[in-house]
Amino acid sequence: MNRRISLAISTCPNDTFAFAALIEKKIDLQGLNFDIELLDIQQLNDGLFRQRFDIAKASFHAAAILSDRTKVLPSGSALGFGVGPLLLSRAGDMTLTDPTEGPFQVLCPGKHTTATMLFRMFYADEIADGRAVINQCLFSDIMPALQKGEADFGVCIHEGRFTWQDQGLGCVEDLGTRWEKETEAPLPLGGILATQTLIASSPEVVAKIQAVIQSSIRYAQADPESSLATMRKHAQEFDDDVLMQHVELYVNDWTVELGDVGRSALRKLSENAKAAGIVDASIPDIEVWQA
């Protein structure tokens, strides 16, 4: 088999850690040839909406919208407890909930990121009455903009979760913790999507891709330092300790296999997004592929 597969993942350390063995061809690729791109999460979401990829990492916000055109592979997801985005402020004593204040400029990392979805879910009243005005930008630009006073609040993801205190910013709320309290479920952040077109035309190829991805994750877990060079190449934060903190937080048993708990969390995300009017009620719930 010499099938070429367009595969796109994010540059964040949990993806470069999990996919390093695949990228570096340290594992059996089962006869598949991967054309690999590493992109910002919103670029990945946009590419899936334009049908650019066979297989790609996506925010579960995007996955909820695309669930009639894609399925989530069982391996490669990021979800868990204590992994959520943080709502940060440019100063430590600021709040979004005072009805006498605002409007506030709130930076979010991409229209279809799960971080944006959570902010829209939890701050719907503030958005509706004009106190919170969302502006989308690259995730790595959010904390610098807050430091410069160019925005009032920002939803922080990736390595910034570990470094925001060093930047002199305030933390208003951990949006992931709020999700956990309200749903009693781990927070689904992003996963690997396969297009329905590929699934329908080549189910045996999808099975091989799933096996290769899971093998790559297991390789990295068995030898974490083997992924460091790939991680350093693409990280915003180059300190190895921070990179491995990121991996320890976002790569877990649900990354290897979603399992029943992971599948239930995805259903809850779909249901809550529909209830909040973020995803159209006619779209099917997120579905996990199975052979």
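How many residues line the second largest pocket, and which lie nearest its centre?

**Model**

This is a predicted model, in which local features need pLDDT of at least 70, side-chain atom pairs count only at pLDDT 80 or more, and totals for chains, interfaces and linings use all residues. Residues are numbered from 1 along each chain as its sequence is written, and side-chain values use heavy atoms, without hydrogens and water.

**Second largest pocket**

The lining consists of 14 residues, and Gln-51, Phe-53, Thr-195, Gln-196 and Thr-197 lie nearest the centre. A pocket is an open set of points on a 1 Å grid over the protein atoms alone, where a 1.4 Å probe fits, with protein on both sides within 12 Å along at least five of seven lines; lining residues have an atom within 4 Å of a point.

The volume of this pocket is about 220 Å³, counted as the space filled by probe spheres set on the points. Helix 9 (residues 196–201) gives the largest share of the lining, four residues; helices are DSSP runs (H or I, at least four residues) numbered from the N terminus. By class, the lining has four nonpolar, six polar and four charged residues.

**Helix 4 and helix 8**

Helix 4 (residues 114–122) packs against helix 8 (residues 175–183) at an angle of about 60°, and their axes are 10 Å apart. Axes are lines fitted to C-alpha atoms over the stretch in contact, and angles run from 0 to 180 degrees between N-to-C directions.

Ala-115, Leu-118, Phe-119 and Phe-122 of helix 4 meet Leu-175, Arg-178, Trp-179 and Glu-182 of helix 8, where contact means heavy atoms within 4.5 Å. This contact has six nonpolar, no polar and two charged residues. Asp, Glu, Lys and Arg count as charged, Ala, Val, Leu, Ile, Met, Phe, Trp, Tyr, Cys and Pro as nonpolar, and the others as polar.

Conventions:
Helix = DSSP H or I, 4+ residues; strand = E, 2+ residues; numbered from the N terminus.
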